[in-house]
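Subject: Structure handover

Hello,

Here is the structure I promised to pass on. Please open it first, then read the notes below.

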Amino acid sequence: MALTAFSANTKSVDQAPKKKGLIALVLLAPGIAYMLLFFVAPFIQLILTSLQAPDAGGGIGQYVSAMQFSNYWTAIQEYWPQITRSFIYALSATLIGLLISYPLAYLIGVKVRSKPMLQGVLLILVIAPFFISFLLRTLAWKSLLPSELVGTHFSVILGLVYNFIPFMVLPMYASLQALDLRLVEAGSDLYASPLTVFRRVTLPLSIPGVVSGTLLSFIPMAGDYVSASREFLGSTETTMIGNVIESNFLQTQNYPMAASLSIVLMVIILIIVATYVKKSGAEDLL
Amino acid sequence: MKSFSLGKAFVPVVSAITLIFLLTPIVHVILFSFNDAGRSNILWKGFTLDNWQNPCGAPQVCTAFGNSILVGVVATVVATVLGTMIALALVRYRFKFRSTISLLLFTPMATPEVVLGAGLAAQFLLAGVEKGIGTIILAHTMFCISYVVVAVKARVASLNPAIEEAGRDLYAPPSQVFWRITFPMLLPGIIGAALLSFALSFDDFIITNFNSGTSTTFPKFIYVSALKGVPAQANVLASIVFISALLLVIIVQVLNINKQKRLARQ
């Protein structure tokens, strides 16, 4: 779904799928086997790990299989502030990102459509950040911001917004680029004010791009731990769920805690995304 | 054409602010590759070309950079081959569990990296696999496959089947139709998917951090040295990558525009 919006300008041709079971199987088998082994199996392992109990006779990082569902309760209780903070950060950053990215997407997709050269230059500027390490760019903000702002809610949200602007702009641009300008013209011919035309024609037609862009940003933002980490734009006051998962897994080797928190993160994201997609009426994107 | 602007100045002004916000850190990273900073590259201490003359001058930085290129190339090659095969099957053939398989390939993109990273690390822990370059490659290949499938699928779906039919009507055997017609038409999409996949792998930090053990990639090197200050050599290497990638994109754009102009003239 989401990413297919990138290619909204390529018209798909009707290709009646043929029935050739064997060829399809040969084409699919290696890739699907890979995904089962390195995506599905780890996911199951993550669920199993989240239910493990400490090994009575073992040392640090030693756990045995169990069905200890209370791990979830412990994780939520212990890290409730970090969990809520992550989602407040991600939701605010998504909203701010949308507000500053939509005009840029509109400029590239609609306003300069008749000037392909300028359009190309603007698009290159939007994808340019992909070519240079996001960690160095995030660190750059640490030098650029006044030092009293580093380590605050402000700097972490700024880091999140900053890192996901291209992910917002590109799908919205793809939607707006596909917008038929004759519809906009028809609106103004019928004496609608520019604002009404935007609200009743342009915006509704660009909703698929808005939904893709916000989802492509919101999901990774909620699990991000670079912006909020102390070495980057955060402090102990800004710890997000991603930081907690990282430190439990890699430092204290509390694997069940890290795994429970990962599952909690996934479940909350699923609930928010499902509600959002339903409310925005963009189910067919999925 | 009638005016369809929402407030003449609003869109350009906000766009300009967003672009400045987006691009300022890039300028900063490149500028600080010329900083005469010694170990800690945080404050501007004066202009120097030393870092550019000796980009491997800081310990570990070139090893990490080399590892990232190795991981990126291997993961991209494997993911591009496997992902292209899946994309062809998904668009061209009808089979059971088609939508389940699509969902399976889409889900990794909608999963936070920290969850993917922790899951893989838990799996390697259980299997007793020692973490290192190998496990980084295995992890990167996984998420790259998803992106390749999405990118190539769009390309396959936009192919006009009539061209292939013409080949078959002229009695070309299926393998010849594939290698002489289908594959060349898909190639731009496949190359695009491979570049995307390399870029994603090269810049990945979160999944790498969970599955690298003591091995280092370029992003991990930056993360680990962030506490003491990242050496300016890292900025030099990042700037080299940035400038080469940008030039490549500009050349491709210009060639495309020229080609379109030529086609328009014909």
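Start with the UniProt record for chain A. Its unreviewed entry marks "transmembrane region" at residues 21–44, 87–108, 120–141, 153–176, 197–219 and 257–277 of chain A. UniProt positions follow the numbering used here, feature names are shortened, and annotations may be inferred rather than shown by experiment.

Some ground rules. This is a predicted model, in which local features need pLDDT of at least 70, side-chain atom pairs count only at pLDDT 80 or more, and totals for chains, interfaces and linings use all residues. Residues are numbered from 1 along each chain as its sequence is written, chains are lettered from A and ligands numbered from 1 in the order in which they are written, and side-chain values use heavy atoms, with hydrogens and water left out.

Chain A

Chain A has 10 helices and two strands. Helices (H or I, at least four residues) and strands (E, at least two) are DSSP runs, numbered from the N terminus. Along the sequence, the order in chain A is α-β-β-α-α-α-α-α-α-α-α-α. Its C-alpha atoms fill a box of roughly 80 × 65 × 35 Å along the principal axes.

Two of the annotated spans can be described further. Residues 21–44 of chain A are 100% helix and 0% strand, with end C-alpha atoms 29 Å apart. Residues 120–141 of chain A are 73% helix and 0% strand, and there the end C-alpha atoms lie 27 Å apart.

UniProt also lists "domain: ABC transmembrane type-1" (unreviewed entry) at residues 83–276 of chain A. That stretch of chain A is 76% helix and 0% strand, and its end C-alpha atoms are 19 Å apart.

Chain B

UniProt's "transmembrane region" feature (unreviewed entry) is placed at residues 9–34, 69–91, 103–126, 132–156, 177–202 and 236–257 of chain B. Residues 132–156 of chain B are 96% helix and 0% strand, with their end C-alpha atoms 36 Å apart. Residues 236–257 of chain B are 100% helix and 0% strand, with 32 Å between the end C-alpha atoms.

Where the chains meet

In all, 92 residues of chain A are in contact with 95 residues of chain B (heavy atoms within 4.5 Å). Together the two chains bury about 8500 Å², 78% of it on carbon and sulfur atoms. Buried area is the accessible area (1.4 Å probe) that two parts lose on being put together, summed over both. Helix α1 (residues 21–50) of chain A gives the largest share of the chain A side that touches chain B, 20 residues.
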